[in-house]
There are 2 protein chains.
Amino acid sequence: MPSEGEQKGGKRVQELANLVRSIPDFPKKGILFRDITTLLKDGDGFRKAIEVIASRYENADIDKVVCIEARGFLLGGAIAYRLGCGLVPVRKPGKLPAPTEKQTYELEYGTDTVEVHRDGIQPGEKVLVVDDLLATGGTARAAVDLVEKLGGEVISCAFLIELRGLNGRNLLDKYDVFSVINYE
Amino acid sequence: MPSEGEQKGGKRVQELANLVRSIPDFPKKGILFRDITTLLKDGDGFRKAIEVIASRYENADIDKVVCIEARGFLLGGAIAYRLGCGLVPVRKPGKLPAPTEKQTYELEYGTDTVEVHRDGIQPGEKVLVVDDLLATGGTARAAVDLVEKLGGEVISCAFLIELRGLNGRNLLDKYDVFSVINYE
């Protein structure tokens, strides 16, 4: 039987899940898109979602939140502010003006690349990687690889939503992974 | 003679300005790019920057922070969290899955378009528009127009950086405009 604390946590997560909107056939036919904008626009829901993630790391001495363009930016800034740590964007190629490390990863068809400023992370810094959604895990793993290329230590990867059926955790199996809302 | 409070504020802003990196000829020759990633990655600097903006609006009963893709997301999420209000992204076309309002605006050469979910703002809601940079003001004005199309009331537009010489305030002259760091 779940404890009172777990029941409260479960109720809170269910309330957050109820704020996510599911949209069929976006961005293409057959995809059920989980739209977080209906959660973000709800002041209480947004605050609770950030709290659920950030409170898990408040004693982890995180130095940097690394967040992934573009929806990861919406959460990453709030989490970094809440934790009182620095914020480092992982971006699509060509957006960052100073020298970068690049990481290419596989898509269903073809590849994609993300990059980070080389001076974004110092060796030994503790890093929390943040994105809105864990799907196949390719982008998150690329962000993790970038952090490690720069000598950072990935403490955890945190997501608002995880699509369990896509097994993104397999690509992150050496790392701690946390997601607030899970779908099969 | 400035008051002690103004002197403190001025010192704080100068400290923040010192964290911004200037990169010549990015994204193209002749542009001096103001790179905020060096400020964002500094935990104290990031926290102070969010505080300077958010504290200005803490008694303004803001319902929604509207932030502009992509760097505006990094600040907007933290400001909305700090104010305890909802967060609404203004995005490039095709990214938002539900019905949108669109706004096209002029660039130096050609036009660009941004959009927002129609259900992102309810009529009468008080809105703070947030972006990282006020340059010519085209994007910010488009965001303001979107808010008003949805019946929202634009309380203010807040920027981390303003390039005064580009006169972005002219396009926003009916609105309150606040920027933390100013360049001529």
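**View 1. A salt bridge joins A:K41 and B:D119 in this predicted model.** The closest N and O atoms of A:K41 and B:D119 are 3.9 Å apart. With a cut-off of 4 Å for a salt bridge, the pair A:K41 and B:D119 therefore counts as one. Across the interface of chain B and chain A, the rule finds four salt bridges. Residue pairs in polar contact between chain B and chain A number 16, both residues being at pLDDT 80 or more.

**View 2. Helices and strands of chain B supply the side that touches chain A.** Strands 1 (21-24), 2 (32-35), 3 (64-68) and 4 (86-90) each supply at least two residues, as do helices 2 (37-40), 3 (43-56) and 4 (71-83). Helix 4 of chain B gives the largest share, eight residues. By type, the residues on this side of chain B are 20 nonpolar, 10 polar and 13 charged.

**View 3. Chain B and chain A bury about 3300 Å² between them.** Of this area, 63% is on carbon and sulfur atoms. In chain B, the residues that lose the most area to chain A are B:K41, B:Y81 and B:P97, together 24% of what that side buries. The contact involves 43 residues of chain B and 43 residues of chain A.

**View 4. A rotation of 180° superposes chain B on chain A.** The shift along the axis is 0.0 Å and the RMSD is 0.0 Å. This is the relation of a two-fold axis. B:A78 has the C-alpha of chain B nearest the axis, 1.9 Å from it. The copies meet through the same surface, because 100% of the interface residues of chain B are also interface residues in chain A.

Conventions:
Residues numbered from 1 in each chain as written. Chains lettered and ligands numbered in written order. Predicted model: local features only at pLDDT ≥ 70, side-chain atom pairs only at ≥ 80, totals over all residues. Heavy atoms only, no water. Contact = heavy atoms within 4.5 Å. Buried area = accessible area lost by both parts, 1.4 Å probe. Salt bridge = Lys/Arg side-chain N within 4 Å of Asp/Glu carboxyl O. Polar contact = N/O pair within 3.5 Å; in protein donor to acceptor, adjacent residues only side chain to side chain. Helix = DSSP H or I, 4+ residues; strand = E, 2+ residues; numbered from the N terminus. Nonpolar A, V, L, I, M, F, W, Y, C, P; charged D, E, K, R; others polar. Least-squares fit on C-alpha atoms with pLDDT ≥ 70 in both.
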